[in-house]
Structure formats: C-alpha cells, structure tokens
Amino acid sequence: MLKKSIANFRLSEQKDNFTVNKSNRLQKAYINLDISLAKLAKDSKRFSILSNPNVNIDIMDYKNTMIKDFTKSMNLFFLVANLKNWNHLIIISENEQKKLFKNKADNEFSNVYLVIKKMMINSLFNHSEKDFTYAWKIFNKFGIVDMNLNIDEVSKEFFNKN
C-alpha cells in the first residue's frame with residue numbers, strides 16, 4: 001500500500017505539473033495530513049461541542065465516509081513517512097497489529113485525536129521517529145478499533161482510489 005500510495009502521488013505531481021518547492025514539501029504534507037485528520041474527526045460527528053442528539057445518520061453513508069476519510073489520512077501518513085525517509089516505520093508486524101487491535105476501544109475520542117496530533121507535530125519539529133510511529137499506530141487503532149472500520153473495506157477503498 002505504501003509503495004502504491006507514493007507512486008500515485010509522484011504520478012499526480014507529474015501529470016498535474018505541480019511546481020514542487022522542495023524546501024516546504026514536507027511541511028505541506030504535514031498540513032495536509034492535519035487537515036485530513038480534522039476532516040475525519042469532523043465527519044465522525046463525535047467531537048462536536050454543540051452536538052444535536054436528534055440528528056438522523058444514515059449508517060451506510062456514515063461508514064463509507066469514515067472509510068474514505070480514514071484512507072485519505074492513511075495515504076498522507078504514507079507520504080509523510082516517505083518524505084522523511086521513514087517508510088520502515090509504517091510497517092507493523094502481524095503480531096504488533098494483533099496486539100494493537102486487541103486493545104479496547106477508547107470512550108473518549110478527543111484524547112485519542114489530540115494525542116495523534118501531538119505526536120505528529122513532535123515528529124515534525126523534533127524529528128522524532130518514535131513519535132511518528134506512535135501517531136501511526138494510534139491512528140490505526142483509532143480507525144480499526146475505536147471507529148470499528150473493517151480492514152478489508154479500508155484496503156478495498158485504498159486500491160479503488162489508487
């Protein structure tokens with residue numbers, strides 16, 4: 001998935017004739033990841049201070065939106081990893097994955113979201129592989145466990161988009 005994501009990003013750069021400023025490309029990737037995570041949070045409807053309990057939600061539409069948002073953020077994690085030469089940090093062993101996905105879902109999504117963002121920012125400004133790895137793993141746990149997204153559906157969405 002990582003290789004495909006990066007290859008598609010490079011192709012879109014060439015196809016659309018992006019003028020790529022090498023000096024701020026990484027910062028732009030982080031900003032896009034931040035925006036994508038914020039969209040995931042907003043669309044999840046779990047972070048609103050002024051939430052309306054009477055809002056009707058179409059479950060299938062909601063689930064599809066969450067899968068699309070999650071996949072877009074995942075693609076941007078791949079891009080950041082690639083730009084930082086941290087591709088190896090994206091790979092989670094099967095044992096690590098099982099352990100990660102055995103965790104209980106967090107009841108308080110706000111803390112999870114803010115921790116992901118904090119670790120992302122630390123990875124940028126402190127050049128911390130550890131913080132990036134932590135953000136990536138929490139992000140995966142957030143999507144699969146907390147949001148109850150199906151890995152196969154996420155993979156299908158990823159390969160349909162890429």
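Just after helix α3, asparagine 85 takes a positive phi of about 60 degrees. The model is predicted, so that local features need pLDDT of at least 70 and side-chain atom pairs count only at pLDDT 80 or more, while totals for chains, interfaces and linings use all residues. Residues are numbered from 1 along each chain as its sequence is written, and side-chain values use heavy atoms, with hydrogens and water left out.

The protein chain contains eight helices and zero strands, where helices (H or I, at least four residues) and strands (E, at least two) are DSSP runs numbered from the N terminus. Along the sequence, the pattern is α-α-α-α-α-α-α-α. Of the 162 residues, 41% are buried; buried means under 20% relative accessible area, exposed over 50%, and partly exposed in between (1.4 Å probe, protein chains only). Contact denotes heavy atoms within 4.5 Å, and among contacts between residues at least 6 apart in sequence, 82% join residues at least 24 apart.

Helix α3 has 25 residues and reaches 36 Å from its first C-alpha to its last, close to the 36 Å expected at 1.5 Å a residue; the expected span is 1.5 Å times one less than the number of residues. Serine 73 lies in this helix, which covers residues 59-83. Serine 73 is buried, with a relative accessible area of 0%. Its side chain makes a polar contact with the side chain of serine 36 at 2.7 Å. A polar contact is a pair of N or O atoms within 3.5 Å; within protein, one must be able to donate a hydrogen and the other to accept it, and residues adjacent in sequence count only if both atoms are side-chain atoms. Leaving aside neighbours within four places in sequence, serine 73 is in contact with Leu33, Ser36, Leu37 and Phe139.

The structure holds seven salt bridges, each defined as a side-chain nitrogen of Lys or Arg within 4 Å of a carboxyl oxygen of Asp or Glu. One of them joins aspartate 34 to lysine 117, with the closest N and O atoms 2.1 Å apart. This pair links distant parts of the chain, since aspartate 34 belongs to helix α2 (residues 25-44) and lysine 117 to helix α6, 83 residues apart. Aspartate 34 is partly exposed, at 26% relative accessibility.

Another salt bridge, between glutamate 94 and lysine 98, has its closest N and O atoms 3.6 Å apart. Both residues lie in helix α5 (residues 94-101), four residues apart, about one turn of the helix. Glutamate 94 is exposed at 55%, whereas lysine 98 is partly exposed at 49%. Aspartate 146 and lysine 141 also form a salt bridge, at 2.8 Å between the closest N and O atoms; aspartate 146 is buried at 7% relative accessible area, and lysine 141 is buried at 8%.

Histidine 127, in the loop between α6 (109-125) and α7 (129-146), has a positive phi of about 50 degrees although it is not a glycine. Histidine 127 is exposed, at 58% relative accessibility. Asparagine 148 is placed in the loop between α7 and α8 (151-161); this residue, not a glycine, has a positive phi of about 60 degrees and is exposed at 55%.
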